Amino acid sequence: MPEDRQVQEDRTGAWEPRIVAFFCNWCTYMAADLAGVSRAHYAPNVRIVRVLCSGRVDPQFVLQAFAQGADGVLIGGCHPGDCHYQDGNTRALRRFRLLRRLAGEMGIHEDRLRLEWVSASEIDKVRWAVNDMVETVRRLGPLTVRPPASPHAATGAAERVASHV
Amino acid sequence: MSEKSRLACAWCASCGGCEEAIVDLGPALLDLLDRADFAFFPALADFRREDIEGVPDGALLAALITGSVISADDEEMVRLLRRKSRCVIAMGSCAHMGGVPALANQLPEDAWPGAARPAPAARAAGEPPLPELRPPVRTVGQVVEVDGVIPGCPPSSGLVRDALERLLAGRAPSGGEVMAPDVALCEECPRRESAAAEWSFAGFRRPHVTELDPTVCFLNQGVLCMGPATRAGCESACIRGNMPCTGCYGPTSRVHDQGAKMIACIASAVKADTPEEVDAVLDGLPDTVGAFYRYGLAASLLPPRSAIGVGEISSV
């Protein structure tokens, strides 16, 4: 359950890390839910997206999160060997290792992207993972991403050309 | 049809390969020229900007624009052609996704020559200066509205012919439609049958130091091939030349970021289960951006590196 204090940016305008988390339905999301039921607090900076498996996290999701204002991305999956779908978490690990390299080359500090294994019962681990991620990103500072030139797609050429030919 | 339709073909940061693809139409080009004229084609003949500046707005049937947009001149030309043409086609990987020149977007902006760009040593009197560079490298679609795209580096002559025939028949693309099959290259790959149901990378082999089997799927040979994340339409030209796909046709319409999609494909197949082992295999790919975004960096979900930074932390 998010702590009592609100994310500071909403109230005072001071920067607070904004973390997008992709949590696996069968483990990390359950742990976060259990933490809520148990009234165990963790940092409120995290926006959790429930996915059916950490292997479902398309690298495009991660790039999109960074492009749209996330200061960090946290992926939570089942411990090795415990994947609900046998090896989705192993695939997530492999993608994560390559995606970290890509992020680094693109100018995003590698520690802004993180993968943690958390089982459904590990309340303390999910709290630690979220809190530690927030503190890591707090030390790295706000990620500023100037939006790219927006792609344009025109319509109406069909009519303009048909009337011309 | 009373008079011939008029077309334009302008190059921005283009190597000339796309223009060559038009010339490569051969006899088919002569047939097209019976029905249309090029009002502007500086790669082929001595056309000047004045040749189209005087044309009424919207008078050209279509403008084919090649190359990425890197200079003030490119930008002006693209805007001018947008005004003069009913249909704007981004032609080739550079106009479509930034192409190889867009790899310069990995540089910080102060590393661009910019105003400090050295002037040519010998300059004739009255000769205008070189145009100002305008980083970052952009696609044509990031400067003006684009109606259609002919992908490829260069586009295959078949695609160019089909696109021109389509335009002259009055069926223009719209909404930035990519005028090539909307399936992955693997669908039309001549080595498709050779691909194993299960394959993995225990290490990456690089094509220039590897003896490649000309019949077996490159991915099955441990060579990075962009086919799974790249649009078909090239007639597998590189594959038939025994070289892996490098991704010049860009992604299919369902994919937003070609490099990220390929990372999902390639990394999942790495034959390793611990972070250390995975890293050891990935060390065989020394240039992540260059491998996965060789043509598509300007069209990535992430902006150029110069647009990514760490902000100041304001104190309360």
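**Aromatic pairs and the A–B interface**

B:Trp199, B:Phe201 and B:Phe204 come together as one aromatic cluster. The model is a predicted one, and everything below is computed from it.

Over all chains, the tally is 6 aromatic pairs. Another of chain B's pairs is B:Phe38 with B:Phe41: the ring centres are 4.8 Å apart, but the planes make an angle of 55°, so this pair goes down as tilted. Here, too, both partners, B:Phe38 and B:Phe41, are buried.

A:Arg50 lies over the face of A:Tyr29, with 5.6 Å to the ring centre. A:Arg114 does likewise with A:Trp128, over whose face it lies at 5.2 Å from the ring centre.

Turning to the interface, 52 residues of chain A are in contact with 66 residues of chain B. Between them the two chains bury about 4,900 Å², and 61% of that area is on carbon and sulfur atoms. On the chain B side, B:Arg86, B:Leu301 and B:Leu302 stand out: they supply 13% of the area that chain B buries against chain A, more than any other three residues.

Salt bridges between chain B and chain A number 5. In one salt bridge, the side chain of A:Asp58 meets that of B:Lys261, at 2.6 Å from N to O. Counting polar contacts across the interface of chain B and chain A gives 20 residue pairs, with both residues at pLDDT 80 or more.

As for which parts of chain B do the touching, the elements that give two or more residues to the side facing chain A include both strands and helices. The strands are β3 (60–66), β5 (85–91) and β9 (308–310) of chain B. The helices are α6 (157–168), α8 (258–268), α9 (275–282) and α10 (288–292) of chain B. Of these, α8(B) gives the largest share of the side that touches chain A, with 6 residues.

How values were computed: Residues are numbered from 1 along each chain as its sequence is written. Chains are lettered from A and ligands numbered from 1 in the order in which they are written. This is a predicted model: local features need pLDDT of at least 70, side-chain atom pairs count only at pLDDT 80 or more; totals for chains, interfaces and linings use all residues. Side-chain values use heavy atoms; hydrogens and water are left out. Rings of Phe, Tyr and Trp (its six-membered ring) pair if their centres lie within 6.5 Å; planes under 30 degrees apart count as stacked, over 60 as edge-to-face and the rest as tilted. Buried means under 20% relative accessible area, exposed over 50%, partly exposed in between (1.4 Å probe, protein chains only). A charge sits over a ring if NZ of Lys or CZ of Arg is within 6 Å of the ring centre and within 35 degrees of the ring normal. Contact means heavy atoms within 4.5 Å. Buried area is the accessible area (1.4 Å probe) that two parts lose on being put together, summed over both. A salt bridge is a side-chain nitrogen of Lys or Arg within 4 Å of a carboxyl oxygen of Asp or Glu. A polar contact is a pair of N or O atoms within 3.5 Å; within protein, one must be able to donate a hydrogen and the other to accept it, and residues adjacent in sequence count only if both atoms are side-chain atoms. Helices (H or I, at least four residues) and strands (E, at least two) are DSSP runs, numbered from the N terminus.
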